[in-house]
Amino acid sequence: MHGVRGWFRGAAVAVCAAGMVACGGGDHANAGSAQGGGSAGASGKTFTIAMIAKSSTNPVFLSARTGAEKAADSLSKQLGINIRINWLTPPSEDAELQAQRIAQAVNTGANAILVSASDAGKVTGSINEAVERGVPVMMFDSDAPDSKRFSFYGGDDEAMGRQVMSELAAQMHGKGRVAVFSGNQNAPNLQRRVQGALDEAKKYPGITIVGTFHTIETPQDAAAEVLRVQRAYPNIQGWAMIGGWALFTRALLTDLDANKVKIVSVDALPVELEYIDKGLTPVLLAQPTYLWGYQSVITIVDHVYLHKQVPAHVQMNLVKVTKDNLGDWARQLQAWGYPGVDAKYLSLGK
């Protein structure tokens, strides 16, 4: 959906965003009975959710943490309990450390665990062991679909990759040389996005894929890799970025020519909005990363504490952000508590 206002009205159906409280959901599709909820309900005081994202230095996961903490605060007041988010995310991507943190969460008495998998194969065993020991696990962003997790909040990754390539092809009028840019090669969600992008590119005979390039998911490393590849293949005219890491710095604004290169990327955090303004990135496909945490905490509390049925997949939709709705999106980011939203964007489109 192109309009941010229209998208957010749709999202509010799922998260009751206007009131910032849980919506209930007894009519949701069956995802199995709650596990581990008995101990949480019996305590009546503290309900601890261990949150294990991919990297504590990645802004998208910091925004998910903010959303989780906001939902925990709102639901604590509503339900009269203390819902606590225990942030156990590694400093950088490390699936083996994630597996250890899952075990740590179980051993320290977490009532539920929320995970974004860096490598599904390396965390599935730990997830299953946690569930077998009575601690339910939910996934967000990057799923472990073969595990015993009870639900996943995220998008259709293959469709996301297709959307990135489709938007880029439109900007390039269906012809030119394109690089596909990804992060962790072992992350299943990114693998599916890349495949979607490559499959979509086949629809455009005039599009040539130069290659798929991977990066460490930090802003500096990602931007450096883009510039290295651009120097190695100076005829690249478009970048299909299935993650926005390279846009979390201003480096590409100074080193790439918006008249010669176009970028379409997933994510649209405050630091990335200048890329739209300057025309280097005419389209950003925003993941509502705040809702990764906010919606997931609501789903966990519904399922584990309130013993309600929840979907096995809680769908997340992308928001198309362009110059036309830049102001709406900037104000949405500010409303979600993001720091650093440039005031000049907040006034657009009012």
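Trainee: Which residue of β10 stands opposite Val266?

Mentor: This is a predicted model. Look at strand β9, residues 262–266, beside strand β10, residues 283–286. The residue of β10 opposite Val266 is Leu285.

Trainee: How many bridges join β9 to β10?

Mentor: Strands of a sheet pair through backbone hydrogen bonds, either parallel or antiparallel. Strands β9 and β10 run parallel. The number of bridges joining them is three.

Trainee: Which are the edge strands of the open sheet with mixed pairing?

Mentor: The sheet has six strands, in the order β7-β6-β8-β9-β10-β12. An edge strand here pairs on one side only. That holds for β7 (206–214) and β12 (319–321).

Trainee: By how much are neighbouring strands of this sheet turned against each other on average?

Mentor: Direction is ignored for this value.

Trainee: What angle does helix α6 make with the direction of β9?

Mentor: Helix α6 spans residues 157–171 and packs on the sheet. It touches β6, β7, β8, β9, β10 and β12. Its direction and that of β9 make an angle of about 160°.

Trainee: Which strands does helix α7 lie across?

Mentor: Helix α7 covers residues 188–201. It runs at about 165° to β7. The strands it lies across are β6, β7 and β9.

Trainee: Are α4 and α5 roughly parallel or roughly antiparallel?

Mentor: Helix α4 is residues 95–107, and helix α5 is residues 120–132. Their axes lie 8 Å apart, at an angle of about 5°. Angles under 35 degrees count as roughly parallel. So α4 and α5 are roughly parallel.

Trainee: How many residues of the contact of α4 with α5 are charged?

Mentor: On α4 the contact residues include Glu96, Ile102 and Val106. On α5 they include Lys122, Val123 and Ile127. By class, seven are nonpolar and two polar. The charged residues number two.

Trainee: How do α3 and α11 lie to each other, oblique or roughly parallel?

Mentor: Helix α3 (residues 59–79) and helix α11 (residues 289–305) pack with their axes 6 Å apart. Their angle is about 40°. Roughly parallel needs an angle under 35 degrees. The two helices are therefore oblique.

Trainee: What is the handedness of the crossing of α3 and α11?

Mentor: Among the residues that meet are Phe61 and Leu75 in α3, with Trp292 and Tyr305 in α11. The contact has 15 nonpolar, five polar and one charged residues. As for its handedness, the crossing is right-handed.

Terms used. Residues numbered from 1 in each chain as written. Predicted model: local features only at pLDDT ≥ 70, side-chain atom pairs only at ≥ 80, totals over all residues. Heavy atoms only, no water. Axes fitted to C-alpha atoms, helices over the stretch in contact; angles between N-to-C directions. Helix = DSSP H or I, 4+ residues; strand = E, 2+ residues; numbered from the N terminus. Parallel < 35°, antiparallel > 145°, perpendicular 65-115°, else oblique. Contact = heavy atoms within 4.5 Å. Nonpolar A, V, L, I, M, F, W, Y, C, P; charged D, E, K, R; others polar. Left-handed = near helix turned anticlockwise from the far one by under 90°. Pairing = 2+ DSSP bridges.
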